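The following report describes the structure shown below, for a reader at the start of their studies.

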Amino acid sequence: MAERMLQFVRLQQQTPEKRPASQRREDFDEIYARFDPERARAQASRCSQCGVPFCQVHCPLNNNIPDWLKLTAEGRLEEAYEVASATNSFPEICGRVCPQDRLCEGNCVIEKGFHSVTIGSVEKFITDTAWEQGWVKPPTPSRELPYSVGIIGAGPAGLAAAERLRVQGFQVHVYDRYDRVGGLMIYGIPNFKLEKEVVLRRWKQYEAGGIRFHLGVEVGRDLTLAELRERHDAVFIATGVYKARDVELPGSDLAGVVPALDYLTAANRKGLGDAVPAFESGALDAAGKEVVVIGGGDTAMDCVRTAIRQGAAMVTCLYRRDKANMPGSMREVANAEEEGVRFLWLSAPEAFLGAGQVTGVRACRMHLGLPDATGRQQVAPIEGSHFVVPGSLVIKALGFDPEDLPAMFREPALAVTRWGTLKVDHRTMMTSLPGVFAGGDIVRGASLVVWGIRDGRDAAEQIAQYVLAKAGLAQAAE
Ligand SMILES: Cc1cc2nc3c(=O)[nH]c(=O)nc-3n(C[C@H](O)[C@H](O)[C@H](O)COP(=O)(O)OP(=O)(O)OC[C@H]3O[C@@H](n4cnc5c(N)ncnc54)[C@H](O)[C@@H]3O)c2cc1C
């Protein structure tokens, strides 16, 4: 092994080639090229195969990273794919969108001194190769079971659960109010981070495996939760969080002040070739405009970088804390800076200016004070520090909260936490309603794709046990 692995002492870290910013600004294609096989093999061989693999420990899916790195280094790619996909429903998506700097790569033992193994890029390489080679198979069961599960939401949590249940033979029906499968992977995350074809090909595979999708169906409007419970032996709620957090400021109702997800969804739909009236009318198109994005998380970074690609005249990001305290991934902030976004740190909006149509944002400078009980430094405005940022499109990217699900689903007995997320028994993932399970953002609050996958897989296991146990009891009683 030593010969093939532990090459970090000799080989430098290399990431796949990143396209120059001047080129990236012109299109919505992914910004990183793929490793060629030789480079993937070499980079995988930098793994130190350490006794306690912190990469695996800190991966929400506990992916067996050292093993698939070793298999890649040895050129045994099909086996590497088998190992990578044993714990992850879509490794090619995690390879693209996981914040590896905070998870596996950030915890790689060679990070200090040698720079981590480029785990995400190798994961993407392995699984993209698997697709090309035809190793990725539909989730076809070896036997059919006469039990059905209804899943609400076709995001990562719902899809991961659907796939795990289908391979076991359950009849799986996924309901989604959108017209495409993927949740935020299709309409939230921009194409330059995750090309849509990567999501769409999974959808095709799942259909080929017999998962039934009921699209354009909103539970609460077209169907009640009670009806779904009647129809299926168990139900999994994976509806995500979609209520945009807002700031109550003067001028909030001016035309041109828009929520981030409306803006990103329009851009993604445009990229997918849909007719988008709000985009075509110019209301959600940044072309030629001075754009101001408020917020410092990953959604804000997706907005600023989308606006650059749409040909905005100027893109400014206002964030009330400093760069070191931004919640978003530093890698995304660096990409945005390279692409020409102007950041105004320690700056908070006070009012949206204009008559009918927004023309700018009045902001003030902030200073960081003492940490509060959570350990986070408090921010306070600096008196007399007002300034105006011109902007005819102002995008609010302040995070998301859950919708009022008990009201939406007309199910008051569905218990929620004080944050409005669904309350589940953390061992069984069951909600307060028997046979109704939940996972993903609707339980965790806004989170990550990889946690959605984890919840979907765990929930599938619990649902299978629940349904089979119930069926066993029914048979025993006959
Ligand atoms: C702009 C943006 C960028 C992001 N970037 C990243 C990133 O780079 N990396 C990362 O790991 N994470 C990222 N995330 C977070 C990640 O996308 C989410 O954590 C993840 O998608 C949550 O998965 P989920 O399955 O719980 O919900 P979702 O993906 O939100 O899917 C929920 C699905 O439920 C459907 N639904 C909701 N209500 C109903 C109803 N009543 N009836 C029928 N269907 C319904 C919705 O249409 C949707 O398809 C990003 C999020 C946003 C908003």
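In which loop is the place of Arg 376? Arg 376 sits in the loop between strand S11 (357–371) and strand S12 (377–390). Helices (H or I, at least four residues) and strands (E, at least two) are DSSP runs, numbered from the N terminus.

The model is predicted: local features need pLDDT of at least 70, side-chain atom pairs count only at pLDDT 80 or more, and totals for chains, interfaces and linings use all residues. Residues are numbered from 1 along each chain as its sequence is written, and side-chain values use heavy atoms, with hydrogens and water left out.

Not counting residues up to four places away in sequence, Arg 376 touches Tyr 319, Arg 321, Asn 325, Leu 370 and Pro 371; contact means heavy atoms within 4.5 Å. With the side chain of Tyr 319, the side chain of Arg 376 makes a polar contact (3.3 Å). A polar contact is a pair of N or O atoms within 3.5 Å; within protein, one must be able to donate a hydrogen and the other to accept it, and residues adjacent in sequence count only if both atoms are side-chain atoms. The C-alpha atoms of Arg 376 and Leu 184 are separated by 28 Å, the two residues being 192 residues apart along the chain.

Thr 306, in helix H15 (residues 298–309), has a relative accessible area of 1% and so counts as buried. A polar atom of its side chain lies 2.6 Å from the backbone oxygen of Asp 302. Leaving out residues up to four places away in sequence, Thr 306 touches Phe 28, Pro 190, Phe 192, Tyr 263, Leu 264 and Ala 267.

Ser 148 belongs to strand S1 (residues 148–152). Its relative accessibility is 11%, so Ser 148 is buried. The side chains of Ser 148 and His 232 make a polar contact (2.8 Å). Apart from neighbours within four places in sequence, the contacts of Ser 148 are Gln 171, Arg 231, His 232, Asp 233 and Ala 234.

**Sheet and strand pairing**

S1 is part of an open sheet of five strands, in the order S3-S2-S1-S4-S15, with parallel pairing. Strand S3 (212–215) and strand S15 (436–438) are the edge strands, each pairing on one side only. From one strand to the next, the twist averages 20°. Helix H19 (residues 449–477) packs on the sheet and touches S1, S4 and S15; its direction makes about 165° with that of S4. Axes are lines fitted to C-alpha atoms, for helices over the stretch in contact, and angles run from 0 to 180 degrees between N-to-C directions.

Elsewhere, strand S13 (residues 393–396) is covered on both faces: Leu 393 and Ile 395 on one side and Val 394 and Lys 396 on the other are all buried.

| Strands | Bridges | Residues standing opposite |
|---|---|---|
| S1 and S4 (residues 234–237) | four | Ile 152 and Ile 237 |
| S6 (residues 257–259) and S13 | three | Val 258 and Ile 395 |
| S7 (residues 290–294) and S13 | four | Val 292 and Val 394 |

**Cores and domains**

The largest nonpolar core has 55 residues; Ile 93, Ile 151, Leu 165, Phe 170, Phe 236 and Ile 463 have the most contacts inside it. A nonpolar core is a set of buried Ala, Val, Leu, Ile, Met, Phe, Trp, Tyr and Cys residues joined through side-chain atoms within 4.5 Å. H19 supplies the largest share of this core, nine residues. Domain 1 (7–133) and domain 2 (148–241 + 402–477) each give at least three residues to this core. Another core, of 30 residues, lies apart from it and includes Val 258, Phe 279, Ala 312 and Ile 395.

The domain assignment also gives domain 3 (261–400); the bounds come from an automatic or database domain assignment. The centres of domain 1 and domain 2, taken over C-alpha atoms, are separated by 29 Å. Their contact takes 25 residues from domain 1 and 24 residues from domain 2.

Technical notes. Buried < 20%, exposed > 50% of the residue type's maximum accessible area, 1.4 Å probe, protein only. Pairing = 2+ DSSP bridges.
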